[in-house]
Amino acid sequence: LKGLWGKSQWKKELADTSRLCFGISFNSNLVGIACCWLVLDEVQITAVAVHPNSRRLGVGEKLLSHLLRESRTLGAKKAFLEVKSSNLPAISLYKKVGFKENGYRRKYFKDGSDAKLFFMGLENKKQ
């Protein structure tokens with residue numbers, strides 16, 4: 001999961017009480033993470049990443065589902081995220097857990113990639 005964020009961003013993510021970050025490890029190696037910011041009753045998913053050797057094993061779905069469950073217990077009513085429009089595996093995962101596409105942003109990412117915007121209502125959901 002190298003290269004996702006720099007050291008200072010990780011320190012900020014892990015120290016801020018308005019942010020949640022969960023990981024899964026296997027044989028003492030971190031294989032996946034899911035992070036979000038909680039703002040009032042909204043969750044902004046900031047990162048979902050799974051090591052290439054651990055993909056297609058349900059790691060991302062478990063992490064994302066856990067993150068959404070925990071957010072719900074803290075009062076979150078809706079969740080949002082942005083994903084590169086070319087990231088088809090991630091888009092498939094988000095749809096699988098119940099996110100709906102609700103927008104598009106041109107040249108949103110630093111590399112000039114477009115973003116698809118996703119939304120999920122969290123009320124009355126069982127994850």
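# Close-up views of a predicted model

**Figure 1. Contact of helices α2 and α3.** In this predicted model, Gly60, Glu61 and Leu64 of α2 meet Leu93, Tyr94 and Lys96 of α3, where contact means heavy atoms within 4.5 Å. By class, the contact of α2 with α3 has three nonpolar, one polar and two charged residues; Ala, Val, Leu, Ile, Met, Phe, Trp, Tyr, Cys and Pro count as nonpolar, Asp, Glu, Lys and Arg as charged, and the others, Gly among them, as polar. Helices (H or I, at least four residues) and strands (E, at least two) are DSSP runs, numbered from the N terminus. Residues are numbered from 1 along each chain as its sequence is written, and side-chain values use heavy atoms, with hydrogens and water left out. Local features need pLDDT of at least 70 and side-chain atom pairs count only at pLDDT 80 or more, whereas totals for chains, interfaces and linings use all residues.

**Figure 2. Crossing of α2 and α3.** The two axes come within 10 Å and cross at roughly 50 degrees. Axes are lines fitted to C-alpha atoms, for helices over the stretch in contact, and angles run from 0 to 180 degrees between N-to-C directions. α2 and α3 are therefore oblique to each other; angles under 35 degrees count as roughly parallel, over 145 as roughly antiparallel, 65 to 115 as roughly perpendicular and the rest as oblique.

**Figure 3. The largest nonpolar core.** This core has 26 residues, of which Val43, Ile45, Leu64, Leu68, Tyr94 and Phe99 touch the most other members. At least two core residues come from each of β2 (29-39), β3 (42-50), α2 (59-73), β4 (78-84), α3 (88-96) and β6 (115-121). Helix α2 gives the most, with five residues. A nonpolar core is a set of buried Ala, Val, Leu, Ile, Met, Phe, Trp, Tyr and Cys residues joined through side-chain atoms within 4.5 Å. Buried means under 20% relative accessible area, exposed over 50%, partly exposed in between (1.4 Å probe, protein chains only).

**Figure 4. Surroundings of Tyr94.** Not counting residues up to four places away in sequence, Tyr94 touches Val48, Leu64, Leu81, Val83 and Phe99.

**Figure 5. Surroundings of Ser71.** Ser71 lies in helix α2 and, at 0% relative accessibility, counts as buried. Neighbours within four places in sequence aside, Ser71 is in contact with Leu20, Cys36, Leu38, Val43 and Ala76.
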